[in-house]
Amino acid sequence: MNRKRNTVRNIFLGISSILMILTLYMIFLYVPVEKEMGIVQKIFYLMVPMGWLALLSFLIVFIGSILYLINKDSKWDVLAHSSASIGILFTALALLIGAIWAKPVWGVWWTWEARLTATLVLFMLYVAYFMVRSFTADEARGATFAAVIGIVGFIDIPIIALATTLWRGMHPGGIIFAGGLAPSMLLTLITSLIAFTFFYSLLLMQQISLKNNENRLKKLQQYLN
Amino acid sequence: MASRESSSSNWAVEIQGLTKSFGPRTALRGIDLRITAGNSVAIFGPNGAGKTTLIKILATILKPSSGKIRLGGRDIQKNTEEIRRLVGVITHQTFLYSNLTAYENLDFYSRMFDVPHRRERIHEVLNIVGIPSRIHDRVGTLSRGTQQRISIARLLLSKPRIILLDEPETGLDQQATALLWNALRLEGEEQYTIIHTTHNLARGFETCDRMLILARGEIVFDRERSSMDLTDLTQAYQHFIEVTS
Amino acid sequence: MMFWGKVLAIVRKDTISELRTKEVVASVLVFTILMIVIFNFACSANYELVKSMAPGILWATFTFAGVLSLNRAFIAEKEQGCLEGLMVCPISRDVIYVGKMVTSLLFMLIIEMVTLPIFTLLFNVNVISLQLIAIVILATVGFVAVGTLFSAIAINTRARELVLPILFLPVVVPVVISAVKASGLAIAGEPWSQLYSWLLILLSFDVIFITLSYLIFNHVIEE
């Protein structure tokens, strides 16, 4: 059983490594430099996957949370919790990369651009998810409360996105996709997205097995007391 | 009432394979228990044995992780609201709002339980517990003993048939405990089934027909009171507590 | 009918208690007035500045007032195990959620309806209109829909006064944005059609989160 899991993980490790190298090659050697923004535009191939993983992680948190509330099986909480701990990292990176992008493009490190604002709120939702867990004395109740945040937060994301977009008076896709994307750029972006998605799956598997081991240790400890 | 009893078995409480876990922590591991209607059962056990968890599950405050429970012949998962009408609970907390008067508290609970003829019933139960005056004082200003009496009045209000007492003596003083047992006898044209948890062996022994010892989430001892005396119980209790700790 | 009868019993009990203690409505009202005064200093009593900031000040005040009053929603239930007392009553958990939510809504609306004329008076910006009342009601329903759920969570945590705003504020961001924008338009005298998209966001937030909270509330109070 364990060996089988390890094999799967090694396969994912292999695939993500190859795809990551391929992505780097495509970003720096294959895809041409954009005319108006110059070399800075290459950040884009990293920024979009980060935003995607921030959302994908929360989707997994959402699914895990629903299943946990329905049947209280702690394996679903492990899934949601693991995905959240990876998600908060990618959301932070998305904000950081967003700031690096904002500086040359808009001249400031931070701007209340709709997508950046929504990402910031998403980050705060992740913080709430971890906060409520660590502030609840009883572990099982903490997991339940976190699941509630996971569900409410995810349902809230489209409303937040809509509100921030209307708030800035913008329409989605405005800046990045203005004038469309050249085929080579699109190909690079898609490769990068696939590479990072594999990387996410690998991290998720790793995190889940870590959490499972932690829980097994806790059970042993309880048994020994 | 007679038809209710004949339609179901004579068991007031039927528990099969009940387990409850809180995340990685297991509180009850496979409880099987049947209690005859009209019996009074004392459950002994040290702290953390799972007594409160068991009471809370029977009171429908907690949901079981697995297992089947029937109270008065009704399934606890399916007929939850009916069962709540059947069951009365007293714990070490009074369940009373300290900013409301005694009367307002009882009025609130009788609305929640759809008690018919609210006013009359409230005065009736207040008379049973002996607080005709001061019913329009805020509960928070009353003495602990009086609050406990009002809490007993709250229990009696809905005429429950199955009474769950979770360590009543930690919440109720000696007088109030005596009052509670008296009140249950006074109202008892019909028989109450009483389940109460305690770690006071002598007190529990006095008031029960049957004794259980719960340790580490399992029933390790189950005897009729008539078959033994207090010293036997004390010995058995110490034996099981030592074995399991 | 049974359902609403029980809901009303909960609202009635909380209202009697509130009339006696004045813990929520009166105390939070004092807080909102203080907020308005402080914001006035923040704007240096500059009329033009105040006028442009009025919707923001109004909703910052209401949001914090919401956090404060929601923080108190479950305190009485936690004393003397009253929440367990409610849980052994022959009612579904939804009755408890709706009862507590209606109570909070009632208290919040009273606070806000008293604050609006005071705001108008102190800032000399008229914030009393049918449009604003509609915005206040829609936004407040959104606040209490998630706020009641989170308040029931926060009461079970350490440092609950801190936990509630951390859970509550990010989730109500769309409500705050919509309420501020819509109020700005209303104060500027725009017609209803201009407010339409913001009111629609508020309304959908209300419907979505009342339904969702209604569905998951029992998981919050049960272990």
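Tutor: Let's look at where chain A touches chain C: the contact takes 28 residues from chain A and 26 residues from chain C. Two residues are in contact if their C-beta atoms, placed from the backbone, lie within 7 Å. This is a predicted model, in which local features need pLDDT of at least 70 and side-chain atom pairs count only at pLDDT 80 or more, while totals for chains, interfaces and linings use all residues. Residues are numbered from 1 along each chain as its sequence is written, and chains are lettered from A and ligands numbered from 1 in the order in which they are written.

On the chain A side, the elements giving two or more residues are α4 (114–134) and α5 (139–167) of chain A. α5(A) gives the most, with 18 residues. Helices (H or I, at least four residues) and strands (E, at least two) are DSSP runs, numbered from the N terminus.

By type, this side of chain A divides into 22 nonpolar, four polar and two charged residues. Here Ala, Val, Leu, Ile, Met, Phe, Trp, Tyr, Cys and Pro count as nonpolar, Asp, Glu, Lys and Arg as charged, and the others, Gly among them, as polar.

As for the chain behind this surface, chain A has six helices and zero strands, and its C-alpha trace spans about 65 × 40 × 25 Å along its principal axes. Within chain A, 76% of the contacts between residues at least 6 apart in sequence join residues at least 24 apart.
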